[in-house]
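Subject: Structure for your review

Dear colleague,

Please find below the sequence and structure that I am handing over to you. My findings follow directly after it, and I would be grateful if you could read them with the structure open.

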Amino acid sequence: MREEQHCTVACKSKLSAQAAKDFKEKIDDEYRVNMILDNLPVAVLGQRRDGSSLITYEHGFRVGFKGNYAGSKEEKYFIHNHLSFRVMYHRDPETDSARIVGFEVSPVSIKHEYKEWDPKNPKVATCNQNTKNIFQGGAIPQEVDKDKEIVFSYDVSYKESETKWASRWDTYLLMNDDQIHWFSIINSLMIVLFLSGMVAMIMMRTLYKDIANYNQLETQDEAQEETGWKLVHGDVFRAPVNSGLLCVYVGTGVQILAMTLVTMMFALLGFLSPSNRGGLMTAMVLLWVFMGLFGGYSSARLYKMFKGTEWKRNTLKTAFMFPGILFAVFFVLNALIWGEQSSGAVPFGTMFALVCLWFGISVPLVFVGSYLGFKKPVIEDPVKTNKIPRQIPEQAWYMKPIFSVLIGGILPFGAVFIELFFILTSIWLNQFYYIFGFLFIVFVILMITCAEITIVLCYFQLCSEDYNWWWRAYLTAGSSALYLFLYSIFYFFTKLEITKLVSGILYFGYMLIASYAFFVLTGTIGFYACYWFVRKIYSSVKID
């Protein structure tokens, strides 16, 4: 520690044809090298996009780069074979001990030269071990090609820093574009205000006016002449088609919502530090498992309201459907990574541990929740349901299910897509994401938007005397997941330079999982908002 090293030779390697080919592929695909020192990842210094003097860190350094020699148009590949490490430390004045608070690297490509190779004490003529000026003038970069000899070297310098050990991650997590985040939130708030205005107008003016009119009607004849949402009161709480499946998806959505909220609370309070690698993912998996209790409970309550009798079957579907689909897709993707012999594959032991968590904790908790939910008294509808279903009149083209469902997903997606860009960038482009404050605000805006757009469209649907609102409420908010997946396709072709088939399949596989979870989450929020709204308005009118 604190002993500087200059131009230390690590090793020498002669490239075979296969090794040269592999290196060229890695340079083409912009592979990065990641190293860790005292739990800090190595970083390359970068400039902030807004031009300020504050420094930012890029995660890892590139294997190499492409270029051409002066006077030649032929593109060559060059490898970063010399690494200049800079270790920042904070010294305790009382004990004179030091703690590492920064780990930077400047990668360089240089064709090292030597007179005679001594394996025990290798020396190169290209740089001098006794001076800080590492390279002799006009150094040539190290080309990657068959039979080329590459000498790898490094130097280490130490610099005292004012940064305390407790805040050493701050530079890594510094935001590049906080203005864009604020713009995104203001943009989303505009959407929310617009929708809130519409909901307020419906609730305050139209509904109160409707309810007052309905309650003043003296005779049955006058009631028959009325049109609008009151006419479907005898059918609005009729159980939908595939009501069992709806219960399963709503239960799963409650489980995801509870997991997301608790995870964000932990992240906001600083429990999920990025220094604990994989902490966020571990927390999400464990919370998902324990939130099975709420998933089972809400699914069973809804199932009993629909007068379902096979609660055990419904519980099994709730416990296995969503995680089963996710696990199947994840297993196939992991098999592809295994096939590529990548170190990024999830080990078999971890997969087995996930299955044990699923079967050992999640499934029993879903059953406990279902049992508790089914024991509760049935939720009473505010109005009675007729024995014979009412005929639904011909709907205008803009009130058709497909059109209104697709329209409903645009605004929730619009509220989150800027933040989504940063999340995708941090996942796929080697950057840190630790702005959970912004993310939490955006998530709250997403929940409000999903609830409001569903209520607005549900009101218009009931006014046109179409009472099949259960599934449509779920799909209206859930359709934002379709736009999420379409945006991920756009992002793939505009921002990423993925050429390999397996990498492409992995990207779309993981985005499919994310979109599916987003569908279940937003659909459930929309469904419960609409359910509350429908119960509220039908309990407000007098029905003979």
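Helix α11 gives the most to the lining of the largest cavity, with four residues. Please bear in mind throughout that this is a predicted model. Both α11 (436–463) and α12 (470–478) supply at least two residues each to that lining. The space in the largest cavity comes to about 50 Å³, and the structure holds one cavity of 30 Å³ or more.

Helix α11 also packs against helix α10 (residues 410–428): the two axes come within 8 Å and cross at roughly 160°. An angle over 145 degrees counts as roughly antiparallel, and α10 and α11 are therefore roughly antiparallel to each other. Their crossing is left-handed. On the α10 side, the contact is made by Leu-411, Pro-412, Ala-415, Val-416, Glu-419 and Ile-423. Helix α11 contributes Phe-438, Leu-439, Val-442, Ile-445, Leu-446, Thr-449, Cys-450 and Ile-453 to this contact. The residues of the α10 and α11 contact divide into 12 nonpolar, one polar and one charged.

The next pair is helix α13 (residues 480–495) and helix α14 (residues 501–538), whose axes lie 8 Å apart at an angle of about 160°. These helices are therefore roughly antiparallel to each other as well, but the crossing of α13 and α14 is right-handed. From α13, the residues in contact are Ser-480, Ala-481, Leu-484, Phe-485, Ser-488, Ile-489, Tyr-491 and Phe-492. Helix α14 meets them with Gly-504, Tyr-507, Phe-508, Met-511, Leu-512, Ala-514, Ser-515, Phe-518, Phe-519 and Thr-522. This contact has 13 nonpolar and five polar residues, and no charged ones.

Finally, helix α6 (residues 292–305) packs with helix α7 (residues 311–339) at an angle of about 140°, their axes being 10 Å apart. Why is this pair described as oblique? Roughly antiparallel requires an angle over 145 degrees, while roughly perpendicular covers 65 to 115; α6 and α7, at about 140°, are therefore oblique to each other. Their crossing is right-handed. The contact is made by Gly-295, Ser-299, Ala-300 and Tyr-303 of α6, together with Trp-311, Asn-314 and Thr-318 of α7. By class, three residues of this contact are nonpolar, four are polar and none is charged.

With kind regards

Note on methods:
Residues numbered from 1 in each chain as written. Predicted model: local features only at pLDDT ≥ 70, side-chain atom pairs only at ≥ 80, totals over all residues. Heavy atoms only, no water. Axes fitted to C-alpha atoms, helices over the stretch in contact; angles between N-to-C directions. Parallel < 35°, antiparallel > 145°, perpendicular 65-115°, else oblique. Left-handed = near helix turned anticlockwise from the far one by under 90°. Contact = heavy atoms within 4.5 Å. Nonpolar A, V, L, I, M, F, W, Y, C, P; charged D, E, K, R; others polar. 1 Å grid on protein atoms, 1.4 Å probe; cavity = no way out; pocket = protein on both sides within 12 Å on 5 of 7 lines; lining within 4 Å. Points joined across faces, edges and corners; volume = space filled by probe spheres on them.
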